[in-house]
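Welcome! Here is a short briefing for anyone meeting this structure for the first time. Take a look at the model, then read on topic by topic.

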Amino acid sequence: MGKKCRASLETAQSALHSEMYSEALELFGTFSSKCKTKDAKEATAVGKAEALNGLEQYSEAITEADKALDITKGKSLNGHFQKAIALNKSGDLEGSKASLEQVIALTENNQNISQRASNYGLLAALYERQLNDISSAQEFLNKAKQLDPNNINILIQEGTMYSTIKDFNRAFLSYDTAKGIDPSNVELATARVNSRLRMLETKYGTKKAQELRNKMTADEKVLVCEDLNTSKSLGLNDMNKDLFLALICNQ
């Protein structure tokens with residue numbers, strides 16, 4: 001896929017991850033009308049399948065999942081996974097189990113260690129996002145880390161998963177491990193800042209910088225300012241974070 005297609009895909013996937021399923025369907029429709037590669041066709045099919053599962057339109061989701069499997073000759077992990085969810089919700093438990101077994105088999109039979117680790121990461125994301133099964137997601141992340149212990153993206157994913165469920169101690173354990181591997185990683189710096197701010201907003205019940213400044217402890221200010229300054233130095237531009245930095249840290 002070209003640059004414009006990737007940007008269009010990211011927009012559609014963002015709507016999907018935000019559970020804006022009807023909007024995601026429209027965005028994947030727009031994406032598919034302009035992007036015709038094999039990868040684009042698979043991404044469209046699995047994206048629509050996930051959106052349709054979210055809308056509880058399971059027969060249509062199965063149709064889209066089957067399209068992804070046809071395109072990839074049965075090798076689409078996400079296609080099998082979305083079909084498994086649709087079958088499960090439709091009451092076909094045996095069919096759902098068979099589809100999930102295909103996902104595991106495709107992953108474990110992959111001889112490319114790095115790709116296998118990435119596939120475990122994908123499974124973890126799907127279990128977290130669609131099934132709200134953090135325990136299984138962690139099992140897959142553990143397998144990914146065993147295969148590719150220096151894969152910083154897996155560690156960021158793990159940290160963000162725990163940040164999302166507001167287990168911030170676990171989140172920063174993962175982020176700190178990632179920082180030891182690549183302290184200049186922009187995605188890591190962004191994830192740390194977002195999680196640090198989420199932690200403070202959760203603790204003090206406000207998103208207003210002025211109120212947070214008055215409520216935060218001195219140690220909390222040191223930590224959040226360290227993360228904000230690191231992200232700024234690595235090129236992260238975000239007006240809201242810049243305002244927060246100016247109000248809280250540049251005194």
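Contact here means that heavy atoms lie within 4.5 Å. With that in mind, what covers the buried residues of helix 7? The cover includes helix 3, helix 5, helix 6, helix 8 and helix 9. Please remember as you read that this is a predicted model.

- The buried residues of helix 7 are Arg116, Ala117, Asn119, Tyr120, Gly121, Leu123, Ala124, Ala125, Leu126, Tyr127 and Glu128.
- Helix 7 has 19 residues, which at 1.5 Å a residue should span 27 Å, and its end C-alpha atoms are 26 Å apart, in agreement with that expectation.
- The N-terminal end of helix 7 is capped by asparagine 112, with a side-chain oxygen 3.1 Å from the backbone nitrogen of serine 114.
- After helix 7 comes asparagine 132, which has a positive phi near 50°.

- Asparagine 110 sits in the loop between helix 6 (93–108) and helix 7.
- Is asparagine 110 buried or exposed? Its relative accessibility is 18%, and buried means under 20%, so asparagine 110 counts as buried.
- The side chain of asparagine 110 comes to 2.9 Å from the backbone nitrogen of asparagine 112.
- Leaving aside residues up to four places away in sequence, asparagine 110 touches Gln115, Arg116 and Asn119.

**Nonpolar cores**

- In soluble globular proteins, nonpolar side chains tend to be buried together.
- The largest nonpolar core in this model holds 27 residues, and those with the most contacts inside it are Phe81, Leu123, Phe140, Met161, Tyr175 and Leu188.
- Which elements give two or more residues to this core? They are helix 5 (77–90), helix 7 (113–131), helix 8 (134–147), helix 9 (152–164), helix 10 (168–181) and helix 11 (186–204).
- Another core, of 14 residues, lies apart from this one and includes Leu200, Cys225, Phe244 and Leu245.
- Tyrosine 175, one of the residues with the most contacts inside the largest core, touches Ile156, Gly159, Thr160, Ser163, Leu188, Ala191, Arg192 and Ser195, with residues up to four places away in sequence not counted.

**Aromatic pairs**

- How many aromatic pairs does a search of the whole structure find? The search finds 4 aromatic pairs.
- One of the pairs is formed by tyrosine 120 and phenylalanine 140, which are stacked, with 6.1 Å from centre to centre and 20° between the planes.
- This pair links distant parts of the chain, since tyrosine 120 is in helix 7 and phenylalanine 140 is in helix 8, 20 residues apart.
- Tyrosine 120 is buried, with a relative accessible area of 6%, and phenylalanine 140 is buried too, with a relative accessible area of 9%.
- The rings of tyrosine 127 and phenylalanine 140 have centres 5.3 Å apart and planes at 45°, so this pair is tilted.
- Phe81, Tyr120, Tyr127 and Phe140 are linked into a cluster by ring pairs.

- Helix 2 covers residues 21–34, and its 14 residues should span 20 Å at 1.5 Å a residue, which agrees with the 20 Å between its end C-alpha atoms.
- In helix 2, the buried residues are Tyr21, Ala24, Phe28 and Phe31.
- Exposed residues Glu26 and Lys34 are carried on the face of helix 2 turned away from its buried side.

**Positive phi in loops**

- Most residues other than glycine have a negative phi.
- Glutamate 56 is not a glycine, yet has a positive phi of about 65°.
- The place of glutamate 56 is the loop between helix 3 and helix 4 (58–71), and glutamate 56 is exposed, with a relative accessible area of 58%.
- Lysine 166, again not a glycine, has a positive phi of about 65° and is found in the loop between helix 9 and helix 10.

Methods: Residues are numbered from 1 along each chain as its sequence is written. This is a predicted model: local features need pLDDT of at least 70, side-chain atom pairs count only at pLDDT 80 or more; totals for chains, interfaces and linings use all residues. Side-chain values use heavy atoms; hydrogens and water are left out. A nonpolar core is a set of buried Ala, Val, Leu, Ile, Met, Phe, Trp, Tyr and Cys residues joined through side-chain atoms within 4.5 Å. Buried means under 20% relative accessible area, exposed over 50%, partly exposed in between (1.4 Å probe, protein chains only). Helices (H or I, at least four residues) and strands (E, at least two) are DSSP runs, numbered from the N terminus. The expected span of a helix is 1.5 Å times one less than its number of residues. A polar contact is a pair of N or O atoms within 3.5 Å; within protein, one must be able to donate a hydrogen and the other to accept it, and residues adjacent in sequence count only if both atoms are side-chain atoms. Rings of Phe, Tyr and Trp (its six-membered ring) pair if their centres lie within 6.5 Å; planes under 30 degrees apart count as stacked, over 60 as edge-to-face and the rest as tilted.
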